[in-house]
Amino acid sequence: MTSLDAPGIPERAIRARARNGTTEVFPDPATYGSRLYGPGAGPAADDLDRARIVPPVFMPQRLEKLIDLAREPEFTDVDLGTPIGGFTSRLPLYLSAFGSTRAGSGDLAVHASRQAARLGIPMVIGENMIPVHGYRRAGDATRSALLGRVQAYLDAAPDGAGGVVVQQSTEDADSEVWNLLYSDPSFRPLLESGRLAFELKTGQGAKPGLGGMTVVDRAEAEQLARRFTVRKVLDPDGERQLRCATPGTFTDEILRQQLRFMRNNFPKARTWVKFHPGRDIAHAARTAWAAGADAVTVDGAESGTGWAPGVFLDHVGLPLAACLRRIGRPGGCLLATGGMWEGGRAVRALALGATAVGLGRAALIAVDEDPEHGLERLVDSIALELQLLISALGKYAVTALDPEDLWWPDGQIADPAPASFRGAADPAGAAP
């Protein structure tokens, strides 16, 4: 019995991948020999999905690979290993932040953490986990929700791959979240292996300009009112109330100072920053990289959430494609989120400059379908599509993708950078 639904993404297809894995990359094999196939008739969801992936006729990189291997290259020769924000990842994917919402901070999140670790991809833990759920160290009778996720990840993570990223927002800063974690002995394995990062959250794609929001009952509202703004706007009796976090105030100088503080006070942790899809996203990203950020996350307007005003979901923020176009040639590790669930959309984002893409709602739906292996099967299907697509482009590494690999049928989106695009920055995240 499933408990989640996600009307903004193709939930049935995601659940099928969580059950069947790579089988879902192809049509039903039972129809082989009795059905002829062609393009589907479904409309593209947004500008990023409207782009066509266009292999060239002449493939010099395939020739180079042929000479290197002394045989014709195959799609299995595509290397999907990717440095992500100072971490080593087996794939150009990571587990996006779920935060303190009911859907993202319970058992499903723990299962997702364990599977992400087995896959060897980084995991981001969202904001407000400690202000909402508290912090109890490993020796206490009941471990906190945040520590439960970290321990599940550590128990399953392979040596040398993956990493844990912990967000901090305004209320988290008041609770000194990063100080708590940095001094907690249970985080020592992550620090000693270079697999801990702190992410400064300035906003999110589902509600740009707003802080996090959740629904709480009357008792929770009374408990949380000391740390958060709580308002009776959901029902007249106040049985369900709206808990609001503040978004924080940023200028370019405040951002530089915050990142400098993070690097100085937590030298063993990587430094990430997350932006909402604002109209000045290119300036924000360049400012972060120049200040030494190991990774910049751009959350497109297609991104999901556990709760937000409908007017924000439908009308506020730049689409992910527009964000990537405005940034153009990246100055470091660029991470992209927003509606990711299959390989085609991921390849388009990677071709526009992203180092890796994040799985959020799709990951939770997959784990809801199968708590033990759903996310792994979903990721296996995406990885196969990535290898097939990148190989079809005559390339054999994620970093070889370029805007020239895409064609925009309506002519509204031009290539943001020339074919030398990928040589502009260290894919591990260091500014050139």
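Residues are numbered from 1 along each chain as its sequence is written, and side-chain values use heavy atoms, with hydrogens and water left out. Because the model is predicted, local features need pLDDT of at least 70 and side-chain atom pairs count only at pLDDT 80 or more, whereas totals for chains, interfaces and linings use all residues.

A search of the whole structure for salt bridges (a side-chain nitrogen of Lys or Arg within 4 Å of a carboxyl oxygen of Asp or Glu) returned 19. One of them joins R15 to D368, with an N to O distance of 2.8 Å. R15 belongs to helix α1 (residues 11-20) and D368 to helix α16 (residues 361-369), so this contact ties together parts that are 353 residues apart in sequence. Helices (H or I, at least four residues) and strands (E, at least two) are DSSP runs, numbered from the N terminus. Both partners are buried, a term used here for under 20% relative accessible area, with exposed meaning over 50% and partly exposed the range in between (1.4 Å probe, protein chains only). The relative accessibility of R15 is 7%, and that of D368 is 9%.

A salt bridge also links R19 to E369, where the closest N and O atoms are 3.3 Å apart. R19 lies in helix α1 and E369 in helix α16, so the pair connects parts separated by 350 residues in sequence. R19 is partly exposed at 44% relative accessibility, and E369 is likewise partly exposed, at 22%. The residues of these two pairs, R15, D368, R19 and E369, are linked together with E11 in a network of salt bridges.

D299 is in strand β12 (residues 295-299) and K274 in strand β11 (residues 270-275), so the contact ties together parts that are 25 residues apart in sequence. D299 is buried at 7% relative accessibility, and K274 is buried with a relative accessible area of 10%.

Helix α6 was examined for its span and burial. This helix covers residues 145-156, has 12 residues, and reaches 17 Å from its first C-alpha to its last, close to the expected 16 Å. The expected span of a helix is 1.5 Å times one less than its number of residues. The buried residues of α6 are L146, L147, R149, V150, A152, Y153 and L154.
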